[in-house]
Amino acid sequence: MGIGDDTAANSLRLLNNHFRHTPPVTGPQGHSYISSEPRPTPTAPGLPYNADVADHIRACVTEVTADVLAVNPAPTPLPGRVEAVYTWYLDNTRTAAPAQRQRRDTIIYRQTLEHAIAMRDFKVIPPHRCPACRTFGLRWAPARRRALCTNMKCVADDGMSNTWTLARLAYEHIAARENHGRVSAT
Ligand SMILES: [Zn+2]
C-alpha cells in the first residue's frame with residue numbers, strides 16, 4: 001500500500017466526505033473540525049458512527065497540530081480544508097531533526113490506517129508482516145481494535161494469539177522504510 005501525505009489526505013477526505021454526507025448528521029459544519037463546540041449528538045439511537053468519525057477527525061488534527069508545535073513554534077496558519085492538514089504538517093516540519101521526521105511519518109501512516117479502519121476498510125492490515133513472527137497473516141479484529149496474527153504458532157506469553165496496535169504496525173512500517181530507503185509494506 002502507499003505511504004505519504006497524498007494517501008493520508010485522500011483517505012481523510014474520503015472519511016470526511018463520508019462523515020458529512022451520510023445521514024443522520026446534526027453537525028458540525030465543514031470547517032469546524034478544530035472548533036471546541038460540543039460533539040454532535042446522533043439523531044437516532046444506535047447510530048453513533050458519525051459522531052465517532054467527527055471525534056476521530058478532530059483527534060487526528062489535534063495530534064498533528066501538537067506535533068507541529070513541538071518542533072515549529074511559529075507554523076503557518078492551519079489550512080481551511082481538513083484534508084490539507086498533512087501537506088501543512090510536512091511544510092511546517094521540513095527542517096525538523098531526522099528522528100522527529102520519522103515520528104511525523106509514523107503519525108501520518110498510523111492516521112492513514114486509522115482512517116481506513118474507521119471506514120471499515122480492513123484490507124489495509126494484511127499487507128503488513130506480523131512484528132513477532134514476520135509472516136503475513138494479520139487480520140483486523142474489530143472488537144479488540146487490534147491486528148491479530150493468525151499464525152497458530154505465534155502466541156504471547158499467555159498462550160493467546162499476538163495482537164498489535166495500529167501504532168505498532170505504523171512504527172514497524174516506517175522503520176523498515178528508513179532502513180531500506182524505499183517505500184514498502186513488506
Ligand atoms: Zn505473528
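Modeller: What follows goes from the overall layout to the sheet, the core and a few backbone angles.

Modeller: This is a predicted model, in which local features need pLDDT of at least 70 and side-chain atom pairs count only at pLDDT 80 or more, while totals for chains, interfaces and linings use all residues. Residues are numbered from 1 along each chain as its sequence is written.

Colleague: Okay, how many helices and strands are there in the protein chain?

Modeller: The protein chain has five helices and three strands, where helices (H or I, at least four residues) and strands (E, at least two) are DSSP runs numbered from the N terminus. Along the sequence they follow the pattern α-α-α-α-β-β-β-α.

Colleague: What order do the strands take in the sheet?

Modeller: The three strands form an open sheet in the order S1-S2-S3, with antiparallel pairing, and two strands count as paired if DSSP finds at least two bridges between them. S1 and strand S3 (163–164) are the edge strands, each pairing on one side only.

Colleague: And how many bridges join S1 to S2?

Modeller: Four bridges join S1 to S2, and leucine 138 has cysteine 149 in S2 as its bridge partner. Two bridges join S2 to S3, and leucine 148 stands opposite threonine 163 in S3.

Colleague: Switching to the core, which residues touch the most other members?

Modeller: In the largest nonpolar core, which has 32 residues, those are Tyr89 and Leu113. Such a core is a set of buried Ala, Val, Leu, Ile, Met, Phe, Trp, Tyr and Cys residues joined through C-beta atoms within 7 Å. Several elements each supply at least two residues of this core, among them helix H1 (5–21), helix H4 (98–118), strand S2 (146–149) and helix H5 (166–180). The core also draws at least three residues from each of domain 1 (1–121) and domain 2 (125–186), with bounds that come from an automatic or database domain assignment.

Colleague: What is leucine 113 in contact with?

Modeller: Leaving aside its neighbours within four places in sequence, leucine 113 is in contact with Val124, Leu166, Leu169 and Ala170, where contact requires C-beta atoms, placed from the backbone, to lie within 7 Å.

Colleague: Then H4 itself, how far apart are its end C-alpha atoms?

Modeller: They are 30 Å apart, which agrees with the 30 Å that its 21 residues should span at 1.5 Å a residue, since the expected span is 1.5 Å times one less than the number of residues.

Colleague: What follows H4?

Modeller: Arginine 120 follows H4, and its phi is positive, near 60 degrees. Most residues other than glycine have a negative phi. Arginine 120 is exposed, with 10 other C-beta atoms within 10 Å.

Colleague: Where does arginine 134 lie?

Modeller: Arginine 134 lies in the loop between H4 and S1, and its phi is also positive, near 65 degrees. With 9 C-beta neighbours inside 10 Å, arginine 134 counts as exposed. Arginine 145, in the hairpin of S1 and S2, takes a positive phi near 55 degrees, and that hairpin has four residues between the strands.

Notes
A residue is buried if 20 or more other C-beta atoms lie within 10 Å of its own, exposed if 12 or fewer, and partly exposed in between; C-beta atoms are placed from the backbone. Two residues are in contact if their C-beta atoms, placed from the backbone, lie within 7 Å.
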